[in-house]
Number of protein chains: 2
Amino acid sequence: MLSVQKFGGSSVANVDRIQKVAERVSRTVERGHRVVAVVSAMGDTTDELIDLLAQVTDRPPDREYDVLVSTGEIVSAALLACALRTRGHNAVSMTGPQIGIHTDGVYRKAKIVKIRADRIREALDAGCVVTVAGFQGINEAGEITTLGRGGSDTTAVALAVALEADVCEIFTDVEGVFSADPRLVPRARKIPRIAYDEMLELATAGARVMQSRAVEFGAKFGVRIHVRSSFSEGEGTMIENVETNGWGEAGMERVFIRGVAHDANQAKITVAGVPDKPGVAATLFGALADERINVDVIVQSATAVDKNDISFTVNRDDLDRAIEISKSASEELGGGEVTADENIAKVSIVGIAMAQHAGVAATMFRTLASHGINIQMISTSEIRISVIVERSQMEEAVRALHSAFGLDAPEGA
Amino acid sequence: MLSVQKFGGSSVANVDRIQKVAERVSRTVERGHRVVAVVSAMGDTTDELIDLLAQVTDRPPDREYDVLVSTGEIVSAALLACALRTRGHNAVSMTGPQIGIHTDGVYRKAKIVKIRADRIREALDAGCVVTVAGFQGINEAGEITTLGRGGSDTTAVALAVALEADVCEIFTDVEGVFSADPRLVPRARKIPRIAYDEMLELATAGARVMQSRAVEFGAKFGVRIHVRSSFSEGEGTMIENVETNGWGEAGMERVFIRGVAHDANQAKITVAGVPDKPGVAATLFGALADERINVDVIVQSATAVDKNDISFTVNRDDLDRAIEISKSASEELGGGEVTADENIAKVSIVGIAMAQHAGVAATMFRTLASHGINIQMISTSEIRISVIVERSQMEEAVRALHSAFGLDAPEGA
């Protein structure tokens, strides 16, 4: 059996933890498995490198940014290989150019074009454990390119595809994927199996367990992804193809919803009184996209004849820039005032069974209403319903929905 | 004009210094020159990485050692490229695999086999300043290999050869090469021009300005090497072909000696009473070489019929291991006691003119005798005479010789 194991920054934060990772990899090898271990940079290394860069220049060139930050993962990979060798394993590390991950060449958020994993395969065939510097590849010209935030997850899943691994294990600091954040909902349950789409929606909705891009990759190529804890031996959550009917493990309990996610890191912008004519949304959201600001929930409402209000949410970190851009767009469009509200949060329910069951939305809205929680905005996908509520009511909303959809673990479990 | 400029670890120790280096490179570019800037790792970075490694394993595998430590130079190269860009220069960094330095594949002390500098040349032709991660190359299999201590000097000189640069400038924290260490000899003079061989002997004799390997490289291919200060604009020392007679700049002053070097980092081992028969030296020094211990001065003296004492010096850091090896060699050879003396130092005079002038050695020994300095061991090359003296007399010996050979700068100069 071949397993691609990924260990994030907190799992390799210091030498002691790297030793723990080495023990973990050792145990897998000693069970007769072959292992490719993908690692992130140690703890805060990447942030420290970015900080150095910020001291040198206000506008770091993307190419050099990638050269710089890719070194953090190389350090982890080399150290882990050494730690494995002291445990008697034949281990070799591989850096960006050696891994064989070829990208489209867009610096800082490169996409994987193809993988030539011959070198890793040869090393595996020679009986080596291969430690891989995550988050990086090279483009056609041999330039170092990084895969963006969470890129090591993508490295791991992509290598699992290329090497036809039996499983891709994502080791993290939580036990797996939960039906809600256990810090908010003490009766949240660990989800033993989850469909790719559900995981994607949960990730987008604010569950920070895994990057959505890596999940997409897994879905596309059908790689089973096991999200589990670095610090314990227990089973985590298996992300895989799950039948959309049936719900084997839930039996007759009518669990339509897999989980409740929240995201407190959003802010709302409203552009008032923009003319009701074609191209308005394109101007506003085009300007935001040009500045790489992701817009999440969008609501447009008619307030007067020929006038609309447009509200949308952005990441709070982008709020100031988004307000600025919105103001000049509003001016350009002959619109009115731009206002912002930071005291909001997004609460989402996710489940692929929802598509086949009427009344899920109604249950959600009724539950919130009965708790006196006002819904400011609504956004839906086929398997997700998100609402924007006041931040102070977020926790209550999550708990109420978790309960209403029968997700609470039995008392005392 | 094309200049390869090399900046060592202290020149890029922090962000401020990297900015200073960028200013320096900028000025060269603004004078219409093309520049390739080779950088070492920032300050203590390499030591910090080695320290991390030591925490992970007692016996770091050489391959992983090289992968790990090569990241330090990459960080510097990327940061310098960014600093140059903010100054309006088109700058790109290059890492080991991109530079085109192909090595023999011996990890940790790889030798350069060939350089395919096409990539650097293309970047230069495109009007770029190229910043290069020093100290590293790749072997035929694409593995990262480092060039050993002082490897960035070698990178710079080798690139100067490959690119047919007009000059290789080694920026360092001293003003150039001096006739003696100015901390010991206040009247030491900066040497404006020095021959490759002299520089080599001085480097071997303890002058720590530049690695001898890089000088050898320069000598072999006739690259002019300008050793100068990172912190001032003054001319430093040009290492180049110098006529062995003539001595243009010294005129009629009869300066046979270029400089006096000292090395306080030596220790002496004596193996007493070894049999006077073939193969004895081979056994002893072979065993030391197997453990990569460099032996410097060697003296063998007959103490009795069929018995010799062998004394030799090693680096103090190697002393304990050298004693151990010598003891077992002595046992094997039927020799006697092994003793060690740490209170010694090596003092050397160097000058290519010495070969053509009788009496240099006599002057040296007479001078030391007149200061009551006892000579414990002597070693000579064609252009160098080294003596081992008691450590406490080292400084006096250096000053006396500097004066005796007419090297002192004029009073008040």
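**Note on a predicted two-chain model**

1. Start with chain A. Four strands form an open sheet in the order β15-β16-β14-β17 (chain A), with antiparallel pairing. Strands pair if DSSP finds at least two bridges between them. Helices (H or I, at least four residues) and strands (E, at least two) are DSSP runs, numbered from the N terminus. The model is predicted: local features need pLDDT of at least 70, side-chain atom pairs count only at pLDDT 80 or more, and totals for chains, interfaces and linings use all residues. Residues are numbered from 1 along each chain as its sequence is written, while chains are lettered from A and ligands numbered from 1 in the order in which they are written.

2. β15 (295-304) and β17 (338-341) of chain A each pair on one side only. On average, neighbouring strands of this sheet are turned by 20° against each other, direction ignored. Axes here are lines fitted to C-alpha atoms, for helices over the stretch in contact, and angles run from 0 to 180 degrees between N-to-C directions.

3. Now one pair. β14 (residues 266-275) and β16 (residues 307-315) of chain A run antiparallel and share eight bridges. K268(A) has T313(A) of β16(A) as its bridge partner.

4. Two helices meet this sheet. Helix α9 (residues 280-290) of chain A lies across β14, β15 and β16 of chain A, at about 145° to β14(A). Helix α10 (residues 319-333) of chain A touches β14, β16 and β17 of chain A, and its direction makes about 5° with that of β14(A).

5. Where do the chains touch? The contact takes 31 residues from chain A and 30 residues from chain B. In contact means C-beta atoms, placed from the backbone, within 7 Å. On the chain A side, α3(A) gives the most, with 14 residues. That side has 20 nonpolar, eight polar and three charged residues. Nonpolar covers Ala, Val, Leu, Ile, Met, Phe, Trp, Tyr, Cys and Pro; charged covers Asp, Glu, Lys and Arg; the others, Gly among them, are polar.

6. How are the copies related? A rotation of 179° with 0.1 Å of shift along its axis superposes chain A on chain B, with RMSD 0.1 Å. In chain A, the C-alpha of T71(A) is nearest the axis, 2.9 Å from it.

How values were computed: Copies are superposed by least squares on the C-alpha atoms of residues with pLDDT of at least 70 in both.
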